[in-house]
Amino acid sequence: MCGICGVIHFDNSPVAKHDLERMVKTIHHRGPDDCGVWADGNVGLGNTRLAIIDLSSAGHQPLSNEAGDAWIAFNGEIYNFKHLRDEVVRPMHRFRSHTDTETILHLFEDQGIGCLELLRGMFALAIWDGGKRELWLARDRLGKKPLYYYQDAKRFVFGSEIKTILEYLGVRRELNRDVIPLYLAYGYVPAPETIFKGIKMLRAGCWLKVKEGVVEEKEYWSPPLVGAHVHAPLRTEQEWVHALLDQLREAVRLRLISDVPLGAFLSGGLDSSAVVALMAEESATPVKTFAIGFSGEPSYDETAHARVVANHLKTEHHEFIVEPNAIDLIEKLTWHLDQPFGDSSAIPSYLVSKMARDHVTVALNGDGGDVLFAVYERFYAARLAQQYQRVPKIAHNLISGVASRLPQGTGYRDLGRRTSRFVNTARQTLPDQYLGWVGIMSEDLVERLCGHARAADHFKNYFRARADGDPVPTLLDVNMRSYLPDDLLIKADRMSMAASLEARSPFLDHVLVEFAATIPASLKLKGSVGKYILKRAFENKLPREIIYRRKHGFGVPIGKWFRTTLRDYVNEILLSTRATQRGVLRTEAVQQLVNEHLSGARDHGHALWTVMMLEVWARKFLD
């Protein structure tokens, strides 16, 4: 695992190594074991390395081919690189290391950018083809590893994180006001846009070529539509169970390849528990597991469930309890995230990564299982809404009136908040309905805060037409192309890399993802039971109380914190003279948001966190 960066000057002026070294220094946390830069005329590459495979100096990057006319800077892990090296790369190549990085470079020499189709893993890479004077960038299919770029008339600059681009001379720190409504609605800035004007994110499953000042981008892979595989073999339920276990077992086994200590995150939910169960089958020694909980809000704490799994699988288990003073981490995490980020679970994600890093260098996780197998209650709610739309309008108005008067607490499953959210959106179109459930703020609130809203129109772009009437396959696809790459995977990458820890996600193996798309939606969400087929697959491997307990997200009791220990903090940040004079958001709307939350009339915890992170980000990166 590493961080990469680089520059190409369109006017052919030379790239200075000291400029590259300054860029590399800003992402040292991504790879504290080694770093290097290479420059030749108007092009240069940089790398900082977290050594996982081949710990010797032979893995130093940037790395060249034998002739020295092709160079690569690579971030990620290719789990099938040994097979590619031994069976696919042409025998004429002479290897100087045992790294996946060198294998990729030789594959590129043999097959061009089409070599991406052969890679099984997570990656962001840059390859300079000196013979053709071409710079190639690429990201893995699901978007586990990030890559950003900036272009103007004089230069093209790229990096694993935005902060490394901002270090390069001539790149301005300018707020992209157009994406503020999207950020407020989603809680993140959706790719390819960023919060900085002029800086873009390369989308997942895409490559980009720079040649003679011309930038070309192309998608080489996109998530398959669930149920669209008309030639998928028909199987009995038990056959699907066995096939799924085989696929997941292989995905886990591939991710156990490492020359450094390895463990796993264990939340006590089904996904991480399933990964640990399969790891335990492959390991001769107890798996090291890491869990995190929260003080003062039992509805958010899952450590007891993680302990049940740890005892059942006899793991070497470690726990950490998050206190409200974790808010002190906000500025640090904002610096690592580069952009305002409304997902407050970034805090425990960082803390569990930091705890794990004291024991291991690689940790497997359960990321992606929820998206593949339809466990989120919003999938069931979409089916339920189809029935609710038959309710007469007069009855709906009565229900809506009652729901609006329900008090809203800060518990994980607060009835008032959940009822109001469902009723207010259930009669709308599927895109509007779904955005109302997954979004941080409503369109009305976004408009009150910043004067305009465009999230609803933007969100419709994620919806691809389907012939049948079941909303679940459509929503699985939408999650795969929006929430997964732009929220979950950004959080996982930044928070693990902030702790110099490599995180691996077996559920997001692209072969497994393609297989999961062939599983009928009726076996993913069966009645009100999400992840039905996955639960069946692990009935003999995990305690029943873990398999069939209700889904519990990796949330943070931020609403309660704002009403208690952090009450003064939220006022000081959001209603400060500094925030008011910035003029990005309307002060009176922010004041109303704070008042409604502190009074208990509404639970605006996540909305307040999202607004607060925007102000903290502005202080860190603009002021």
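Two residues are in contact when they have heavy atoms within 4.5 Å of each other. By that rule, Leu184 touches Ile440, Met441, Val446, Leu449, Cys450, Leu585, Thr610 and Val611, leaving aside residues up to four places away in sequence. What you're looking at is a predicted model, where local features need pLDDT of at least 70, side-chain atom pairs count only at pLDDT 80 or more, and totals for chains, interfaces and linings use all residues. Residues are numbered from 1 along each chain as its sequence is written, and side-chain values use heavy atoms, with hydrogens and water left out.

**Nonpolar cores**

- A nonpolar core here is a set of buried Ala, Val, Leu, Ile, Met, Phe, Trp, Tyr and Cys residues joined through side-chain atoms within 4.5 Å. "Buried" means under 20% relative accessible area, "exposed" means over 50%, and "partly exposed" is in between (1.4 Å probe, protein chains only).
- The general background is that in soluble globular proteins, nonpolar side chains tend to be buried together.
- How many residues does the largest nonpolar core have? It has 184, and Leu184, Phe538 and Leu585 have the most contacts inside it.
- Helix α27 supplies the largest share of this core, with eleven residues. (Helices, H or I with at least four residues, and strands, E with at least two, are DSSP runs numbered from the N terminus.)
- Apart from that core lies another one of 20 residues, including Trp71, Leu137, Tyr149 and Val210.

**Aromatic rings**

- Rings of Phe, Tyr and Trp (its six-membered ring) pair up if their centres lie within 6.5 Å; planes under 30 degrees apart count as stacked, over 60 as edge-to-face, and the rest as tilted. The structure holds 14 such pairs.
- Trp38 and Trp71 are a stacked pair, at 4.8 Å centre to centre with 15° between the planes. Trp38 is in strand β2 (residues 34-40) and Trp71 in strand β5 (residues 70-78), so this pair ties together parts that are 33 residues apart in sequence.
- Trp38 counts as buried because its relative accessibility is 11%, and Trp71 is buried too, at 17%.
- Phe196 is buried, with a relative accessibility of 1%, and Phe621 is buried at 5%.
- Which residues form one aromatic cluster? They are Tyr186, Tyr188, Tyr434, Phe459, Tyr462 and Phe463.

**Charges over rings**

- A charge sits over a ring if NZ of Lys or CZ of Arg is within 6 Å of the ring centre and within 35 degrees of the ring normal. Arg85 does this with the ring of Phe95, its charged end lying 4.1 Å from the centre.
- Arg235 is placed over the face of Trp240, 4.7 Å from the ring centre.

**Helix α10**

- Helix α10 (residues 346-357) has twelve residues and spans 16 Å from its first C-alpha to its last, close to the 16 Å expected at 1.5 Å a residue. The expected span is 1.5 Å times one less than the number of residues.
- Among the buried ones are Ile347, Tyr350, Leu351 and Met355.
- The buried residues of α10 pack against β13 (262-265), β14 (288-294), β15 (316-322), α9 (330-337), α19 (483-498) and α27.

- Strands β11 (residues 206-211) and β12 (residues 214-219) run antiparallel and are joined by six bridges; strands pair if DSSP finds at least two bridges between them. Cys206 stands opposite Glu219 in β12.
- The hairpin has two residues between its strands, and Glu212 there takes a positive phi near 50°. Glu212 is exposed, with a relative accessible area of 75%.
- Arg133 isn't a glycine, yet it has a positive phi of about 55°. Arg133 lies in the loop between β6 (121-129) and β7 (134-139) and is partly exposed, at 38%.
- Gln61 and Pro62 are joined by a cis peptide bond, with omega about -5°. Another cis peptide bond joins Ala191 and Pro192, with omega about 10°, and Pro192 is in the loop between α5 and β10.
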